[in-house]
Amino acid sequence: MRKPSGPATCLQFAGITLDTINMHARLPEDKLERCRGLLTEFYNKRSVTLKELQSLIGLLNFACSVVLPSRAFLRRMIDLTKGVRKPYHHIRLTRQCKEDILLWLGFLNSFNGKSFFLSAKWLTSSNIKLYTDSAGSLGYAAVLGKRWFFGHWPDSWKSLNITILELFPIVLATEIWGTIMCNHCIVFFSDNHAVVDIINKTTSREPKVMVLVRRLVLNCLKYNILFKYKHIPGILNRECDLLSRLQVDKFKLLAPHADVQPTPVPSSLLPQNWKLKMFNALRYITRVMQNVSASMESFLRFFHQILWHSFPTA
């Protein structure tokens with residue numbers, strides 16, 4: 001069989017279709033349909049064999065080559081296979097696993113298995129001037145070039161783990177400035193080792209942390225951003241450090257180039273309007289999926305809502 005083909009503006013390479021006119025990579029239609037079929041079948045099952053689950057994981061792992069940040073929603077499926085040795089042994093599909101299945105269905109339908117070509121250059125925070133920080137019981141902040149925002153923690157957040165507090169402004173920055181980072185490979189810096197490790201692995205054992213990690217991944221899928229984090233000493237993050245401590249006047253003296261007014265943070269994205277419960281948003285989806293005839297249409301409508309707007313808080 002002859003492998004070479006072309007020249008052409010659209011061809012298949014390693015099982016992926018590359019389109020140089022629309023500048024995107026996409027999954028072939030047969031693999032896309034197989035993914036959708038298996039995911040729908042798995043969602044309606046209580047348990048599957050190890051062999052069946054491994055087959056789905058392998059297929060979704062291939063899909064990750066196009067939908068890059070979606071690996072965050074594959075981790076818990078892989079964890080279910082740990083300690084199971086025989087291919088015919090059954091594995092119970094947990095509620096969290098089914099949550100990931102629903103999100104995968106959303107990825108494949110909303111994006112149709114496509115992703116736009118990313119910039120070949122990894123942009124660092126020094127290039128795009130993006131910094132975030134959080135100060136314990138005081139507040140949070142982010143700076144992007146001349147743009148900046150800050151806020152104070154509500155009482156209900158002040159006792160939360162510092163990892164959650166450090167993650168929040170990172171997620172908020174992608175919500176507010178995602179269009180500026182669109183279609184890029186970006187390196188961000190943090191002075192918190194735990195945050196760097198969690199974001200690079202896109203996983204954590206802490207459910208509340210995963211709420212923010214998953215929101216970050218959804219934002220990166222929305223804006224086609226591939227990201228990684230590196231650690232830096234806190235002394236190099238002086239501007240954000242001042243803002244997170246609510247010292248706005250000192251910040252303006254240190255950064256005279258900054259905008260006069262901060263970027264507004266929508267009220268729906270303020271910390272007091274977030275409920276850090278993993279299954280909060282999907283309670284609605286579970287009810288919708290009980291109606292078989294309208295399940296997919298209703299789910300896609302809801303997935304579009306949570307992807308392009310904000311998660312409901314009730």
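Leaving aside neighbours within four places in sequence, with which residues is Met77 in contact?

**Figure 1. Contacts of Met77 in the predicted model.** Met77 is in contact with Leu53, Leu56, Ile57, Leu60, Cys97, Asp100, Ile101 and Trp104, its neighbours within four places in sequence being left aside. Contact means heavy atoms within 4.5 Å. The model is predicted, so local features need pLDDT of at least 70 and side-chain atom pairs count only at pLDDT 80 or more, while totals for chains, interfaces and linings use all residues. Residues are numbered from 1 along each chain as its sequence is written, and side-chain values use heavy atoms, with hydrogens and water left out.

**Figure 2. The nonpolar cores.** A nonpolar core is a set of buried Ala, Val, Leu, Ile, Met, Phe, Trp, Tyr and Cys residues joined through side-chain atoms within 4.5 Å. Buried means under 20% relative accessible area, exposed over 50%, and partly exposed in between (1.4 Å probe, protein chains only). The largest nonpolar core has 77 residues, of which Met77, Trp104, Phe149, Trp157 and Trp177 touch the most other members. Helix α8 supplies the largest share of this core, eleven residues. A second, separate core has ten residues, including Val143, Trp148, Ala255 and Ala258. Of the 314 residues of the protein chain, 49% count as buried.

**Figure 3. Helix α6 against helix α8.** Helices (H or I, at least four residues) and strands (E, at least two) are DSSP runs, numbered from the N terminus; the protein chain has twelve of each. Helix α6 (residues 162-177) packs with helix α8 (residues 207-223) at an angle of about 20°, and their axes are 9 Å apart. Axes are lines fitted to C-alpha atoms, for helices over the stretch in contact, and angles run from 0 to 180 degrees between N-to-C directions. The two helices, α6 and α8, are therefore roughly parallel to each other. Angles under 35 degrees count as roughly parallel, over 145 as roughly antiparallel, 65 to 115 as roughly perpendicular and the rest as oblique. Residues of α6 that take part in the contact include Leu167, Phe168 and Val171, and those of α8 include Leu212, Val213 and Leu216. By class, this contact of α6 with α8 has ten nonpolar, three polar and three charged residues. Ala, Val, Leu, Ile, Met, Phe, Trp, Tyr, Cys and Pro count as nonpolar, Asp, Glu, Lys and Arg as charged, and the others, Gly among them, as polar.

**Figure 4. Helix α6 against helix α7.** The angle between α6 and helix α7 (residues 193-201) is about 60°, with the axes 9 Å apart. That makes α6 oblique to α7. Thr163, Glu166, Leu167 and Ile170 of α6 make the contact with Ala194, Val195, Ile198 and Ile199 of α7. These residues of α6 and α7 divide into six nonpolar, one polar and one charged.

**Figure 5. Helix α1 against helix α2.** Helix α1 (residues 29-43) and helix α2 (residues 50-63) pack at an angle of about 140°, their axes lying 10 Å apart. This angle makes α1 oblique to α2. Among the residues that meet are Leu38, Leu39 and Phe42 in α1 and Leu53, Leu56 and Leu60 in α2.

**Figure 6. Leu105 and Leu246.** Leu105 lies in helix α4 (residues 95-110) and is buried, with a relative accessible area of 2%. Leu246 is found in the loop between α9 (238-244) and α10 (248-254) and is partly exposed, with a relative accessible area of 36%.
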